[in-house]
Amino acid sequence: MSIESILGTLEWTAENSLAAASQWKQASGRRIVGSFPMHFPGEMAHAAGCTPVILQESHEPITVGHGMIYPFYCGFTRSIVDQACKGDYDFLDAIMFGDHCVQVLGAADVVRAKLPNTRVHFYQLISSMSDPWSLGRARETFLNLKEGLEEMIGHSIDDEAMRASIRLFNRNRQMLRKLYEMRRAGDARLTARQMQILVKSSMIMDKAEHNRLLEELLAEFDKTRATAQRGVRVYLSGHFCQAPKTGVLDMIEECGGIVVDDDLYHGQRFISTDVDDSIDPLDALAKWYLERNLKVPCPTRVDQNADWENYLLDAMERSRADGMIVLMAKFCEPHMYYYPEIKEAFEKRGVPHLLIETEHELNSFEALRTRVETFLEVVKRQTAARRIAA
Amino acid sequence: MNDLILPQGKKANRLKTSSMNNKMVNDYWTDVFNAKAEGKLVCWYEGVAINPLMQAADIRWVHGEAWSALLAARNNEQPAQTAAEHRGYMKELCSYARTHIGCGVLAQNRGVEASGSSFSDALGAGLLGERIPAPDMFISAYPYCSTGQQWDEMLFRLFGKKIPIFNISVPWVWGNKPDAMYLGGSEFNEAKQYMVKQIRACTDWIAQQTGKKYNWDKLSEIMSYTKTAGRLRVEAMELCKAKPAPASFFDWTTSLAPVNFIPGGPAIVDYFEKTKAEIVQRIADNEGGIPQEKYRLFWDGIMNWNKIGWLANKFAAYDANMVAGRYTHMGFWHEFESIDVENPLEGMAVNYLVCPINLSAPLMIEQIIKLCKHYEIEGVVLHAARTCRAFSNPQFLIADAVQKRLGLPVAMIEGDMVDESFYKDEIVNSRVEAMLESIEARKRVGIAA
Ligand code: SF4
Ligand code: SF4
């Protein structure tokens, strides 16, 4: 398959997540376990013979959901509630989740009320990451999740099955990271939209199938030589549970930005960390859970050993980015809370950044275009001035 | 609906004992302001009432919500909110947190030299927000709301990660298993043990901070006062089943301090003894919490501190008695029976776990339905606090349940805890009037039938 046709297949999955999952259910006969972002270990559901699917914000306007959730919630939670009210989740065999952003919890209660015949299970992951008991508690939670899955499938999940799933998922993350590396180095020309498609489709598609397509894609990229791109090197940060609208990504690139790296959940955050396949799988997952927050710090967690702002400054240096665009989903509390830390650190270091708030209802990005153009222009000048000074 | 037009001059008949509460609150904050001069450590915290843990170790405490609410009630919240805004905290964030963090920003700008000012001087100068003593430690134990936990974390970062912080993770009472129930079931029991383990570790940590052995006897003594105060408060509230109800939700809101952050001691017991006596007397005199009780309502959601007096009078003017509420009746040591004063950690954990936001909707709704039945409620007002999603989360499910299961009309109103700009009086009036009209219609049908 050509690069275009592989990306086309993945794009369809990414953009039609529930249809893709339901088709897969019919074709494979596997149970589908939906989960909320951002820390659910899909490996475990996979080892139980199910297909894990991370539930996505839908592009549909919110209608019936208005009757169950206030408008001052992030687009992701409103959309989840809306989809549950519309019956879109009826085909799921279970919804299991462990994240506890207060808005997700609100949505979860509504989802459970709307799906009385579906297991909607919560396995609360400790969100304070640097306590003496953080690791142990995370393991206990994963054990509870394992028991919940076993109860659903009617038999136990053995460690070998867990390890096999862990290896499969590691392979997937490694290939996606490789693509990121190639993009950073200029060896693969991938737009921000395409990068999102690659990661988002991995949240939905059967992993073995996704791996097969990624292998082909990597082989294709190996054959081609990328031509150098000109433009302002941009780092994208933020946007947690929901994928940024692809229109906003396109607009940034149309204005002359080249997105070279990101910490988006539908990006590096999702694929940052592998699970150790050589030790007890529950120990390995607990370790993974804590390590992941050191690799790419998450503001929905509290962690004395992680500083998101410093991580971002370092990441920008590593990817030789000239400016950062922060994409913030409107009403996202964890992001709003942390943003002043980033702002202060970036201003202190003289690294330019631009904050863009996004909304579920926002489909035209023209109003933002001028701000992005101006920002990129400023960054361009600053970068040129720095080069001359050096 | 002419008969519902606000009659002039009808005001809430507030409990007289409330004035004792004001004095206790002022004395308490005076002690906090004197902390540094008296060589006491100061702990900042938010959420559930973990203050007995500090009190037993002779540490003074600043409860973030109480502090923000006080600033709002005394019109001193603006400088703190503006300082927070300047640092980049957006308006859609929890207004309690914004206000409190704003105080942190002000405290940093001000430097140490001004921290010795007295409570009354600072209040007089309109500088309450910036004169709050800076923390020597943080304890974070926020149930349900991730925003609460993050609030502590951001304070920790604001103070340069130099002040020690202890995190207690409070599990949400969700209920995966069929045995899940209020105060019971395997998951609840596990959560309780997990909490006890963490609270015990917290006492060890407190001992490290003070350099003194943790005083368990003192904790037991404090908890015995707390338990008694909790019992008296619940008994007094339950007496409001009487018609007319002798006190309102607004009275119970202004009586929260003694079961929330005032030191556990004879004064809080005395306060609720007097409150209960006043309630008993009012029942004997057939005196209601409002001049004329025509409707009995339930308040769901957190309080609106900027508007508390205003709202109390508004409902009084509608002849609507706000008899009970989730905020007041489903928290603040209301499960006093679970406290074993000799061995108080488990009972404390229980009360923290069943606070008014930490139950998942099905469990919470059962408790609300019970209260509505007990108090013979006729309508439910749901206050959607714009920046407190924790309280707003289950409100559509609650509204649905009371409508379907009890046939009660509801009014959903928007406001906020301490950010006045989110409150829209016209909307409140029209929604409340529509609800009262439905109650009237139901009564007419009831009478006709
Ligand atoms: S973390 Fe942000 S995007 Fe995710 S559910 Fe919470 S508010 Fe929404
Ligand atoms: S949003 Fe509500 S529950 Fe959460 S921290 Fe603020 S006041 Fe507390």
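Is Asn13(B) buried or exposed? Asn13(B) is buried, with a relative accessible area of 19%. The cut-off explains the label, because buried means under 20% relative accessible area. This is a predicted model, and the points below take its cores, strands, rings and selected residues in turn.

**Asn13(B) and its surroundings**

- Asn13(B) belongs to the segment before α1 (18-34) of chain B.
- In sequence, Asn13(B) and Pro291(B) are 278 residues apart. In space, their C-alpha atoms are 6.6 Å apart.

**Nonpolar cores**

- The largest nonpolar core has 293 residues. Trp29(B) and Trp67(B) have the most contacts inside it.
- Helix α9 (residues 186-210) of chain B gives the most to this core, with ten residues.
- A second, separate core has 21 residues. Val248(A), Val259(A), Phe365(A) and Val372(A) are among them.
- What does Trp29(B) touch, not counting residues up to four places away in sequence? Its contacts are Val62(B), His63(B), Ala66(B), Trp67(B), Leu70(B), Phe119(B), Ile132(B) and Phe261(B).

**Strand β5 of chain A**

- Strand β5 (residues 232-238) of chain A has seven of its seven residues buried, so it is largely enclosed by the rest of the structure.
- β5(A) runs parallel to strand β6 (residues 257-262) of chain A, and five bridges join the two. Within this pairing, Arg233(A) has Ile258(A) as its bridge partner in β6(A).
- Between β5(A) and β6(A), the chain passes through helix α10 (residues 246-254) of chain A. This β-α-β crossover is right-handed.
- β5(A) also runs parallel to strand β7 (residues 323-329) of chain A, again with five bridges. Here the bridge partner of Leu236(A) is Ile325(A) in β7(A).

**Aromatic pairs and cluster**

- Over all chains, the structure holds 37 aromatic pairs.
- Trp308(A) and Tyr338(A) form an edge-to-face pair. Their ring centres are 5.5 Å apart, with 75 degrees between the planes.
- Trp308(A) lies in helix α13 (residues 308-318) of chain A and Tyr338(A) in helix α14 (residues 333-349) of chain A, so the pair ties together parts that are 30 residues apart in sequence.
- Trp308(A) is buried, at 1% relative accessible area. Tyr338(A) is buried too, at 5%.
- The rings of Phe166(B) and Trp205(B) have centres 5.5 Å apart and planes at 45 degrees, so this pair counts as tilted.
- Phe166(B) is in strand β4 (residues 165-167) of chain B, and Trp205(B) is in helix α9 of chain B. The pair links distant parts of the chain, 39 residues apart. Both Phe166(B) and Trp205(B) are buried.
- One aromatic cluster is formed by Tyr28(B), Trp29(B), Phe33(B), Trp61(B), Trp67(B), Phe119(B) and Phe261(B).

**Charges over rings**

- The charged end of Lys207(A) sits over the ring of Phe169(A), at 4.6 Å from its centre.
- In chain B, Lys307(B) lies over the face of Trp310(B). The distance to the ring centre is 5.3 Å.

- Met348(B) is part of helix α16 (residues 345-353) of chain B. It is buried, with a relative accessible area of 0%.
- Met348(B) and Lys192(B) are 156 residues apart along the chain. Their C-alpha atoms are separated by 9.4 Å.
- Leaving aside neighbours within four places in sequence, Met348(B) is in contact with Pro52(B), Leu53(B), Leu219(B), Met223(B) and Trp333(B).
- Thr226(B) is part of helix α10 (residues 216-238) of chain B. At 6% relative accessibility, Thr226(B) counts as buried.
- With neighbours within four places in sequence left aside, the contacts of Thr226(B) are Gly264(B), Ile268(B) and Trp333(B).

Definitions and conventions:
Residues numbered from 1 in each chain as written. Chains lettered and ligands numbered in written order. Predicted model: local features only at pLDDT ≥ 70, side-chain atom pairs only at ≥ 80, totals over all residues. Heavy atoms only, no water. Core = buried A, V, L, I, M, F, W, Y, C linked by side-chain atoms within 4.5 Å. Buried < 20%, exposed > 50% of the residue type's maximum accessible area, 1.4 Å probe, protein only. Helix = DSSP H or I, 4+ residues; strand = E, 2+ residues; numbered from the N terminus. Contact = heavy atoms within 4.5 Å. Pairing = 2+ DSSP bridges. Right-handed = clockwise from strand over helix to strand, strands pointing away. Phe/Tyr/Trp six-rings, centres within 6.5 Å; stacked < 30°, edge-to-face > 60°. Lys NZ or Arg CZ within 6 Å of the ring centre and 35° of its normal.
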